Amino acid sequence: MPRVDVRGEICPRPALIVRRELADLEPGDTLVVRGDYPPAEQNLRRMCTTHGFDVSAADTDEADEFELRLLVTDMSSLPER
């Protein structure tokens with residue numbers, strides 16, 4: 001399962017990094033994203049939900065960090081940039 005660490009990054013970098021990683025995945029693949037910037041978590045959830053990815057949160061050991069699991073579905077699509 002691919003993982004990406006966006007801790008220490010602020011918007012819009014986390015979304016750009018995650019977008020690049022998701023572009024290389026196929027339906028059924030899951031990308032695990034770890035971060036520490038609350039606006040990035042909100043932005044990633046919104047971006048992924050809007051584009052058909054399933055988003056779920058995982059527990060982390062650190063109170064000020066988040067971990068998201070982004071599942072690529074058959075309905076997932078990212079517009080060309």
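Helices (H or I, at least four residues) and strands (E, at least two) are DSSP runs, numbered from the N terminus. The expected span of a helix is 1.5 Å times one less than its number of residues. This is a predicted model, where local features need pLDDT of at least 70, side-chain atom pairs count only at pLDDT 80 or more, and totals for chains, interfaces and linings use all residues. Residues are numbered from 1 along each chain as its sequence is written, and side-chain values use heavy atoms, with hydrogens and water left out.

**Exercise 1. Find the span of helix 2 and compare it with the expected span.**

Step 1: Helix 2 (38–50) has 13 residues.
Step 2: From first C-alpha to last, helix 2 reaches 18 Å, close to the 18 Å expected at 1.5 Å a residue.
Step 3: Look just after the helix. Gly-52 takes a positive phi of about 90° there.

**Exercise 2. Sort the buried and exposed residues of helix 2 by side.**

Step 1: Apply the cut-offs. Buried means under 20% relative accessible area, exposed over 50%, partly exposed in between (1.4 Å probe, protein chains only).
Step 2: Ala-40, Asn-43, Leu-44, Met-47 and Cys-48 are buried in helix 2. They share one side of helix 2 because they cover an arc of only 120° around the axis; the arc is that of the directions from the axis to the C-beta atoms.
Step 3: The face turned away carries exposed Pro-38, Gln-42, Arg-46, Thr-49 and Thr-50.
Step 4: The buried residues pack against helix 1, strand 2, strand 3 (54–58) and strand 4, a contact being heavy atoms within 4.5 Å.

**Exercise 3. List what Val-18 touches, not counting residues up to four places away in sequence.**

Step 1: The partners are Val-4, Leu-31, Val-33, Leu-44, Met-47 and Leu-70.
Step 2: Turn to the largest nonpolar core, which has 18 residues. Such a core is a set of buried Ala, Val, Leu, Ile, Met, Phe, Trp, Tyr and Cys residues joined through side-chain atoms within 4.5 Å.
Step 3: Val-18 is among the residues with the most contacts inside this core.

**Exercise 4. Trace the salt bridges of Glu-67.**

Step 1: A salt bridge is a side-chain nitrogen of Lys or Arg within 4 Å of a carboxyl oxygen of Asp or Glu.
Step 2: Glu-67 pairs with Arg-34, the closest N and O atoms being 3.0 Å apart. Arg-34 lies in strand 2 and Glu-67 in strand 4, so the pair ties together parts 33 residues apart in sequence.
Step 3: Glu-67 also meets Arg-69 in a salt bridge (3.6 Å, N to O).
Step 4: Arg-34 and Glu-67 are both buried. Arg-69 is partly exposed, at 30% relative accessible area.
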